[in-house]
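User: I am new to this structure and would like to go through its salt bridges step by step. Could you take me through them?

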Amino acid sequence: MEEEKGELPKLKSGGKGDNKKSVVFNACKREQFHPNSGYKKLFRRLRATYKVSTNKDDLSPDRLDEANIIVFGGPRERFTENEMDELKGFVNKGGSVVFFVGEGGDGAAGTNVNAVIEEYGMEVKQDAVVRTVYYKYLYPKEVFIANGILQPSIAATKNAGSSSTKSKKSLSGGSGGGAGKAGAANSRADTGSNGGLNFVYPHGASLSCSRPAMAILSSGPISYPLNRPVAGVYESSGSGAFPGTSAAAAAAAAAAA
């Protein structure tokens, strides 16, 4: 895939009066995905709530101190020992790190993400998740997963947001109590089959997750390899650095192609 050209937004430090959490997309490891390639829509959506920027410089303590969460969208260069130590220190202090890795894992990308996350109980396998039965998406590596939510809180959060949006729309239409009943019915309907939350996992690898990590998404019973983790999370004892988490997180998953 050819990357789109153009200048990436520079990393900016927040002012003293800026209370927004800072999300930084890293681009110093020749990441396949960043706000100018693949993450444009995500960048625009996050910008409304968070301070979002891109880092093209080395992973120095000063750069990491400016972030609450740093995202690596498919790194294609190796991390040095010093950089790995800096990232681990960042997590231990309450920072959050997200890694997205595609099919084939480290070997295919020419990186060493596993060297960073292995002490947290996670490893990206050098394989590819495929769908054994075609459904909605004809290409077998564009995997539609209907039973892959391993943590109910993920679906609960999604359902709460959906119910709130539906209620607001119904109230604005003047439906009154009938709208509330319809919203409740929809909410109940969504509680089955992993909360009604389906997702597509394109061109991704499977993971191994063991303590202290926790698997949060799986390949489900229809894909191959069967019921294998495709996303995991680790929480440190540091202070929370991002809404929705009580501590820092280092995660590994597959990057969308």
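Analyst: Let us begin with one residue in this predicted model. Glu83 has a relative accessibility of 9%, and since buried means under 20%, Glu83 counts as buried.

User: Which residue meets Lys88 in a salt bridge?

Analyst: Lys88 is buried, its relative accessible area being 17%, and the N to O distance in the salt bridge is 3.0 Å. Lys88 belongs to helix 3 and the partner to the loop between helix 5 (113–117) and strand 5 (122–124), so the pair ties together parts that are 31 residues apart in sequence. The residue that meets Lys88 is Glu119.

User: Are Lys125 and Glu123 buried or partly exposed?

Analyst: These two residues form a salt bridge with each other, the closest N and O atoms being 3.6 Å apart. Lys125 has a relative accessibility of 26% and Glu123 one of 35%; because values between 20% and 50% fall in the middle class, Lys125 and Glu123 both count as partly exposed.

User: How many salt bridges does the count come to?

Analyst: Besides the pairs discussed above, there is a network of salt bridges that links Asp57, Arg63 and Glu66. By the rule used here, which takes a side-chain nitrogen of Lys or Arg within 4 Å of a carboxyl oxygen of Asp or Glu, the count of salt bridges comes to eight.

Note on methods
Residues numbered from 1 in each chain as written. Predicted model: local features only at pLDDT ≥ 70, side-chain atom pairs only at ≥ 80, totals over all residues. Heavy atoms only, no water. Buried < 20%, exposed > 50% of the residue type's maximum accessible area, 1.4 Å probe, protein only. Helix = DSSP H or I, 4+ residues; strand = E, 2+ residues; numbered from the N terminus.
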